[in-house]
Amino acid sequence: MIKAVFFDIDGTLVSFHTHRVSEATRQAIRQLRTQGIKVFIATGRHLQVINNLGDLEFDGYVTLNGSCCYIGRDRVIYRRMIPEIALEHLIKYQEEKETFPCIFVREKDMFINYNNQHTREVFRMLDFPEPVVKDIHEATREGVFQLIAFFSEQQEDRIMQALPECEATRWNPLFTDVVPVGGNKSIGMEKILAYFGISREETMAFGDGGNDIPMLEYAGIGVAMGNASEEVQRHADFVTSGVDDEGIVHALKHFHIGGL
């Protein structure tokens with residue numbers, strides 16, 4: 001019996017074309033809660049920039065790919081920051097080898113070292129507020145939970161070799177989310193489920209990106225959106241239709257979840 005459902009946001013709940021949750025999906029999520037099923041967000045976004053869910057209510061949030069987890073929107077139950085030595089390694093790499101834009105995500109705010117064509121393209125695609133620009137050395141003055149690093153897949157191996165304390169979880173060709181080693185959405189799910197006393201077998205999760213793979217594998221039922229890559233779909237128990245074709249509603253009906 002499914003007692004909890006976790007949703008990625010971009011490309012899963014929210015269309016890249018409309019930047020909103022469809023009305024049918026909104027009704028389905030409300031129906032789940034009416035049936036006593038808890039619903040959670042699991043995203044790479046910072047809580048403060050979850051700006052595209054309207055008035056939908058969720059029981060908790062796995063944010064920053066599992067690095068910061070909330071019950072409701074106010075109670076933090078888990079935090080995990082990037083080691084300061086990794087930030088020092090990153091600054092040294094950029095000073096001595098090559099530079100690239102990087103968003104430094106802290107608990108209450110975020111900043112970027114500089115913008116370029118790729119950052120602005122991504123901000124438009126995600127309807128994402130453009131972070132303030134600050135000197136990269138600001139990164140070591142306050143705890144950082146996640147990096148959003150704008151380098152290509154071809155650059156990734158050599159850059160990540162300079163950051164052995166971290167790992168990359170990519171869901172877009174223009175950037176990757178960089179988190180502490182062992183940090184991912186499944187860790188966040190584990191913390192949330194432990195709080196509510198729900199087993200992983202009683203969960204369902206929806207995702208479309210590479211950073212959703214650990215979550216899809218961890219859930220009792222992992223559902224990949226039809227717009228997900230073939231790699232992501234291989235890690236799912238079920239592939240539904242795309243975000244613009246009511247994929248969430250289709251899967252909930254397929255598995256008869258929440259009376260749908």
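**Entry 1: R106**

I looked up the side chain of R106 and found a polar contact with the side chain of E138 at 3.1 Å; such a contact is a pair of N or O atoms within 3.5 Å, one able to donate a hydrogen and the other to accept it, and residues adjacent in sequence count only if both atoms are side-chain atoms. The model is predicted, so local features need pLDDT of at least 70 and side-chain atom pairs pLDDT 80 or more, while totals for chains, interfaces and linings use all residues. Residues are numbered from 1 along each chain as its sequence is written, and side-chain values use heavy atoms, without hydrogens and water.

I placed R106 in the loop between β6 and β7; strands are DSSP runs of E of at least two residues, helices runs of H or I of at least four, numbered from the N terminus. R106 is buried at 1% relative accessible area (buried means under 20%, with a 1.4 Å probe and protein chains only). Beyond its neighbours within four places in sequence, R106 has contacts (heavy atoms within 4.5 Å) that include H46, F111 and K134.

**Entry 2: the sheet**

I traced an open, mixed sheet of 6 strands, ordered β8-β7-β6-β9-β11-β10; strands pair if DSSP finds at least two bridges between them. β8 (132–133) and β10 (166–172) each have a single partner strand, so one side of each lacks a neighbour in the sheet. β7 (residues 110–112) runs parallel to β8, joined by 2 bridges, and I112 has V133 as its bridge partner in β8.

**Entry 3: a helix**

I noted that helix α4 (residues 153–161) lies across β10 and β11 (175–180), at about 170° to β10; axes are lines fitted to C-alpha atoms, for helices over the stretch in contact, and angles run from 0 to 180 degrees between N-to-C directions.

Note on methods. Buried means under 20% relative accessible area, exposed over 50%, partly exposed in between (1.4 Å probe, protein chains only).
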